[in-house]
Amino acid sequence: MKKIEFIIRPHKLDDVKDALTKIGVQGMTVTEVRGFGRQRGRTELYRGSEYTISFLPKVKIEVLLSDKMADEAIKAAMEAARTGKIGDGKIAVYDLKEVLRIRTGESGEAAL
Amino acid sequence: MYRQLLTMALAAVVLLGAASFPGFLWAEEKPAAEAAPAAAASVAADPSGAATGTIADVPAKEAGKPTLLEVAETVGHNRISINMMWTLIAGFLVMFMQAGFALVETGFCRAKNAAHTMMMNFMVYAIAMTGYWIMGFALQMGGVGAIGALSGGTANLSNEFTITLFGKEFGLFGSTGFFLSGVGYDAAIFTLFLFQMVFMDTAATIPTGAMAERWKFSAFFIYAFFISMITYPLFANWVWGGGWLSTLGKNFGLGHGYVDFAGSSVVHMVGGVTGLAGAMVLGPRIGKYGKDGKPNAIPGHHLPMALAGTLILAFGWFGFNAGSTLAGTDLRIGVIATNTMLASASGAIFAALYMWLTYGKPDPSMSANGMLAGLVAITAPCAFVNSVSAFVIGGAAGVLVCWSVFFIERVMKVDDPVGAISVHGTCGAWGVISLGLLADGTYGDGFNGLPGTVRGLLYGDPSQLVAQIIGPLTNLIFIFAASWLFFKALDATIGMRVAPEVELEGLDIPEMGALAYPEFHIPTMEPIGGSASRRSTAPQAMAPAREGSR
């Protein structure tokens, strides 16, 4: 089982969500985050004084998947989230040791 | 579906019946005959209003046949009625400016302090009103004498304490009208009180902006009594209460004496200068200045709130300036209101343009300050200038406020979160001086008890400009000294500023016990290491995740 984190541009959320659900992903968790990579921040002016926005708003999507869905999900999300400009984001893949469903107590693949 | 059709048909029948019912009544009614007025006969309905209000409504011994004296009595009463209504309604508009100030200041501050900033602006209305009722009004207006526009018992406001200097009488403060009791319990005096109170409240609320985000609420609470009972009333007496600044003309031949029509200096400079003193005593917010002394931007959390508040202020200003005639029968009010409006527009435009050309983008917060700067500046000269002068005065204020903000922030290194010192102090001074330059002599005959209209330098009276310089200088010295000493005393006794941990966490919970935006915080039971909050059992908020180190 895998946990995959997608950090993407906020306006790409709907596209990525649609792409994932189309290939059969059944659930996801979304958080609003801030960060920077090579995109760096920007300097803005407020009442004539400079201030740097180093952390840019992004969206993080977390999904829990079986191993065989992982590759498909990565490919689908990557295509949906890509604009070709710096700041598109990153995908991180983790091995998922265990997962349980709170309502029923199921565990393992049945809980995905 | 049939049920729906049936319901609709029933509704149509009922509606048609109801609509035709009055028609049935009307068809049966006879038009009113020449019934004797005393009879309780029916009277013709008057939908256009053209027949409502006739000679029969003039109170007279013989109904419908008033004598000339009876007509004159009604005319006099109506004249005062129009004036009193105008003054009251204008006063209600100015009261609403309190909401405008609250929104502007809170919008320019950070979310973690929103409840505290709002609360200061909310309570200053209540506290300052109380202090003013107790003694502020009496000190300010106790010796102003009869106010022709409102008449009534205003003639009893006749006790002014004076001293004699250089062989002339210098009025210092009044002494009638404490608690609005005794001869103060008078319809016209109550009207005057309401109107003057909301002006005082405007001055009282201005410093809360300059001192926001680090001022202890308990210190603010005491301050609100001080400004409403002492500093504001004294200066206002000198300008509006018959005191020595207004008699500079009578005593020393300086124009019509010091003239400030609606309060660029009496209200706005008092507020701005008090704010300067307070901000200096408080010191800058944590993180405002870097180690090299360079100012850091601390953006406000809600620009829409701030700009909406600015428009509310612009609306209320119609009451502020045009209401200062105290007379709806003084038809200069149209000129005053329009001048006010024009200055607000040019203030906003020129501030926006200045920021756009200097820094590349039209800064919304400075544009808002620009509109307010134009309004503050036109407040003194609004009754005395033409529309071109009004536009110029406002536009100059729009640029002046930008320069002033930068000067105060970067050179004087005084932290003013909302620009209050610049908007109200600097541009208030510009306002009274512009009167000394541009008053064009088309209004003001009899102002401050002297014949002839009010003229500035460019229209033939250089002595008015001299008076217009003495006024703001007096304001700066007196208000700054008195306020600074007061704030220092407050600091030495109960302390003016919140503890650093409180400032970093945000004042809402430690000072108010309530968050402005609880749904955007994750409350925990953990105090922030050594927090100064006294209620140890109350849940305290974690510093919100998006705040960063400031």
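So, Lys413(B): with 14 C-beta neighbours inside 10 Å, this residue counts as partly exposed. Keep in mind that we're looking at a predicted model here. Lys413(B) sits in the loop between H11 and helix H12 (420-438) of chain B, just after H11(B). Most residues other than glycine have a negative phi.

There's another one like that, Glu213(B). Again not a glycine, and again a positive phi, this time about 75 degrees. Glu213(B) is in a loop too, between helix H4 (187-210) and helix H5 (217-240) of chain B. Buried or exposed, then, for Glu213(B)? Buried, because it has 26 C-beta neighbours inside 10 Å, and the cut-off for buried is 20 or more.

H11 of chain B covers residues 387-411, which is 25 residues. At 1.5 Å a residue the helix should span 36 Å, and the end C-alpha atoms come out 35 Å apart, so the two agree.

Now the inside of the thing. The largest nonpolar core has 153 residues. Which residues have the most contacts inside it? They're alanines: Ala128(B), Ala351(B), Ala373(B) and Ala397(B). Helix H3 of chain B, residues 114-141, gives the most to this core, 16 residues. The core also draws at least three residues from each of domain 1 (77-493) and domain 2 (500-547) of chain B.

Take Ala397(B) as a close-up. Leaving out residues up to four places away in sequence, Ala397(B) touches Gly347(B), Ala373(B), Gly374(B), Val376(B), Ala377(B), Cys427(B) and Trp430(B). As a general point, nonpolar side chains in soluble globular proteins tend to be buried together.

On to the two domains of chain B. Their centres, taken over C-alpha atoms, are 35 Å apart. Twelve residues of domain 1 are in contact with 14 residues of domain 2. H3(B) shows up again here, giving the most to the domain 1 side, with five residues. By class, that domain 1 side has seven nonpolar, two polar and three charged residues.

What about chain A against chain B? Seven residues of chain A are in contact with eleven of chain B. On the chain A side, the elements giving two or more residues are strand S3 (42-46) and strand S4 (49-53). S4(A) has the largest share, three residues. That side of chain A is made up of three nonpolar, two polar and two charged residues.

The model scores ipTM 0.78 and pTM 0.87. Chain B has a mean pLDDT of 92, with 91% of its residues at 70 or more. Where pLDDT is low, the predicted coordinates should not be read in detail. Bear that in mind for domain 2, which runs over residues 500-547.

How values were computed. Residues are numbered from 1 along each chain as its sequence is written. Chains are lettered from A and ligands numbered from 1 in the order in which they are written. This is a predicted model: local features need pLDDT of at least 70, side-chain atom pairs count only at pLDDT 80 or more; totals for chains, interfaces and linings use all residues. A nonpolar core is a set of buried Ala, Val, Leu, Ile, Met, Phe, Trp, Tyr and Cys residues joined through C-beta atoms within 7 Å. A residue is buried if 20 or more other C-beta atoms lie within 10 Å of its own, exposed if 12 or fewer, and partly exposed in between; C-beta atoms are placed from the backbone. Helices (H or I, at least four residues) and strands (E, at least two) are DSSP runs, numbered from the N terminus. Domain bounds come from an automatic or database domain assignment. Two residues are in contact if their C-beta atoms, placed from the backbone, lie within 7 Å. The expected span of a helix is 1.5 Å times one less than its number of residues. pLDDT is the predictor's confidence in each residue, from 0 to 100. Ala, Val, Leu, Ile, Met, Phe, Trp, Tyr, Cys and Pro count as nonpolar, Asp, Glu, Lys and Arg as charged, and the others, Gly among them, as polar.
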